[in-house]
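Load the model and keep the sequence beside it. The walk below goes from the whole chain down to single residues.

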Amino acid sequence: MRFSPAGDPGVPDSRSATRYLIWLAGRHKLLFGAGLVLGVIWLVAQALMPAAVGRAVDGLSRGDEGALVRWGLILLGLGVLQTVAGILRHQCAVRNWLAAAYRTVQLTVETANRLGAALPRRVATGEVVSIGTSDIDQIGHAIEITARGTGALVAIVTVAVILLDASVPLGLVVVLGVPVLMAVVGLLIRPLHRQQHAYRDAEGALTTRAGDIVSGLRVLRGVGGEAVLSGRYRSQSQALRAHGVRVARVQSLLEAAQVLLPGAFLVLVTWLGARFALAGQISAGQLVAFYGYTAFLVSPLRQLTETVDKVTRGHVAARRVVRLLRLEPDLRDPSCPVAVPDGPGELVDVESGVRVPAGRFTALAASTPEDAAAIVDRLGRYADSDATLHGVPLRELTLATVRERILVADNDARLFTGTLRAELDPRDEADSATLDGALRAASATDIVEALPDGLDSPVAERGREFSGGQQQRLRLARALVADPETLLLVEPTSAVDAHTEARIAGRLGAARAGRTTLACTTSPLLLGQADHVIFVEDGKVVAEGRHAELYETEPRYRAMVSRGEN
C-alpha cells in the first residue's frame, strides 16, 4: 500500500509516522525549501541586529559619526530584510500547513473509498472523525514549524560564533548552555508524547460512542435506555477529562520551561557580560550587543522548544493516520481482469444455488434475514465467493466493473446533506421525467409535494427530517434513478404501510422492465408481483416458481409468508 493511491511517484510505503511527515514535507520541495531559507534569513537578520547596535554604540563612544551612520543604515537594512523575510516566511508556512493538512484529508478519503464496505468493520467512526478534526491540525503544525525551528537553530549558531569571537567565556556559556536547556526540555517531551497518545485514543473512543448514541437515540428512548447510555457517556467523558488534565499538566511544565529557562539564561549572560565590561575585557558596545544577544536568544530558544512540542504532537497524529492508511480492503482487483459481455446477464450464487434470470423481476424469500443478506453480499461482491455474471466469476472482474453493473440497495444506506434533487441524482444526469418516474414507482411523490421547495428543498444530515418509511422510499427512488443493469434490493418495503407497499409492488416491475431485479423480501405483496420467486432455507435454494404455486405446494414457504397463520 502507498501513501497516495492516486499515484504520486516515489511515495514511500506507509511504515512509520516519521516517514509520512518527511514525505509530506517533500511533496512541495520548492515551497518547503523556500520556507526553510526564509526562516533562516528572518531569524539571522534579527541575530545580527545586536552586533550592529553594538558597533554603532562603539562608534558613538569614539565620536565617529561616520561609523554611527554606517551601522545605523546597516541596522535599517537588517530590519527591512527581517520584515520582508518574515512576511514571505509566514506565507510559505501557511501554504505548507494547508498542503500537509489537506493532503492528509485527501489520503484519508481515498483510503475510506478504497476500503469501501470494510471501513466500518475495520475502523471506529470516532477514529476517522478525529483525523479530520484534530490530527490534520497537528500534522500541519509539525510541517509548518520546521521553518522557524531551522531558523532558530541557525540563529543560535550564528550568535554563538559572534560571542566566541568577542569573548570566549561568554561564547562558551552560550555554546554549552543551549544544549543543556534543550536537554531539560527533552525530559518533558517523552511523558508529553505518552500522555498525548493516551488522550488521542480516549478522544476517538468518546467520539465513536457519541455517534452511536445520536444515531440510535430513537431506539434508546423507546426502550428506556437513554439514562444508561448517557451515564456511560458521562463516565467516559470524565475519563477523557482526566486524560486532558494529565496532558495539560505536562504541557504547563513545558510552557513554564520555555519562559523560565531562557529567562535564567538571559540573566546569567547579562551578569557575566556586565562583570567583563567592568573589568575592561569588553567594550560598552560589546556589552550592549551581548545584552541584545541574550534578549534575542529568548525567541529562538522558545522557537526550538515549540518545534519539539509541535513535531511531537504531529508525530502522534501521523501515527494515527498511518495506521488508517495501512489498512487493506477485504477484496482486491484481479491481476488480470477479464471482460464480460454487455447487457443484462444471469447472476448466479454458486454457494446457495440462487440463479437470478436476466431482465426479469425476481424475488428471494429466505427463512432468515441473515441468509438473504449473505446471498446479496456474494452476488454484489461485497464478500468473496464463486458468484458469476454471464458465467464469468465476479472475482475475475474489477470492482469498478461490478459496482457499475450491479447495485446493492439495502436499508443501511444513508441520505446525505444537500438538496433532494442532488440526493436522488448525485451524478446530475437524470431528466425530470426520470426523477418523476422513480418517485412514482417508489410511491414517494407525496414526500416531495409536502416539501416547501420540492426537489430543491435541503436534506438535513442523514435525512433526519424524514420518517423511517419516507427515508426507505427515497432510497428506493435513488436506486431507480441510478437505473443499474442489475439491482439487488434488500427488504425495500419493510418500513412502509400495507397500502404504500401495495403501490410499490405494483409499479416496481414496470419501472425495471428489461432490467435484472432481485428483491429480498417475505412480503406477500411483493412476492405476488414477482416474475419468479426463489425460496431459500438454511442458505440453500429449496423451491422456485411463482408465488401462488409455491404457496400452494410448499408448506414451509406458506408458513414463512403467512407468519404461521393458515
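This is a predicted model: local features need pLDDT of at least 70, side-chain atom pairs count only at pLDDT 80 or more; totals for chains, interfaces and linings use all residues.

Residues are numbered from 1 along each chain as its sequence is written, and side-chain values use heavy atoms, with hydrogens and water left out.

Start with the whole chain. Its secondary structure comes to 19 helices and 12 strands. Helices (H or I, at least four residues) and strands (E, at least two) are DSSP runs, numbered from the N terminus. The chain has 566 residues, and 45% of them are buried. Buried means under 20% relative accessible area, exposed over 50%, and partly exposed in between, with a 1.4 Å probe and protein chains only. Contact means heavy atoms within 4.5 Å. Of the contacts with a separation of 6 or more, 76% join residues 24 or more positions apart.

Next, the cores. A nonpolar core is a set of buried Ala, Val, Leu, Ile, Met, Phe, Trp, Tyr and Cys residues joined through side-chain atoms within 4.5 Å. The largest one holds 41 residues, and Leu 420, Leu 424, Leu 439, Leu 474 and Tyr 557 touch the most other members. Helix H15 (residues 468-482) supplies the largest share of this core, six residues. A second, separate core has 31 residues, including Leu 38, Ala 85, Ala 160 and Leu 301.

Look at Leu 424 in the largest core. Beyond its neighbours within four places in sequence, Leu 424 contacts Leu 435, Leu 439, Leu 455, Leu 474, Ala 477, Arg 478 and Val 481.

Now move to Ala 155, in helix H5. Ala 155 counts as buried because its relative accessibility is 0%. Outside the four places on either side in sequence, Ala 155 is in contact with Leu 43, Val 44, Ala 47 and Phe 296. Ala 47 is 108 residues away along the chain, yet the two C-alpha atoms are separated by 6.0 Å.

On a 1 Å grid over the protein atoms alone, a pocket is an open set of points with protein on both sides within 12 Å along at least five of seven lines, a cavity is a set of points where a 1.4 Å probe fits but cannot get out, and lining residues have an atom within 4 Å of a point. Grid points are joined across faces, edges and corners, and a volume is the space filled by probe spheres set on the points. The second largest pocket has a volume of about 260 Å³. It is lined by 13 residues, of which Ala 51, Arg 55, Ile 162, Ala 166 and Tyr 293 are the closest to its centre. Helix H2 (29-62), helix H5 (125-166) and helix H9 (284-325) each supply at least two lining residues. H9 gives the most, with five. By class, this lining has seven nonpolar, three polar and three charged residues. Ala, Val, Leu, Ile, Met, Phe, Trp, Tyr, Cys and Pro count as nonpolar, Asp, Glu, Lys and Arg as charged, and the others, Gly among them, as polar.

The largest cavity holds about 70 Å³ of space. Its lining includes Ala 409, Asp 410, Gln 472, Arg 475, Val 490 and Pro 492. H15 and strand E9 (486-490) each supply at least two of the lining residues, and H15 has the largest share, three residues. This lining divides into five nonpolar, two polar and three charged residues.

Finally, the backbone. Most residues other than glycine have a negative phi. Asp 428 sits in the loop between helix H12 (420-424) and helix H13 (432-441). It counts as exposed because its relative accessibility is 64%. Ser 443 also has a positive phi, about 55 degrees. It lies in the loop between H13 and helix H14 (445-450). Ser 443 is buried, because its relative accessible area is 5%.
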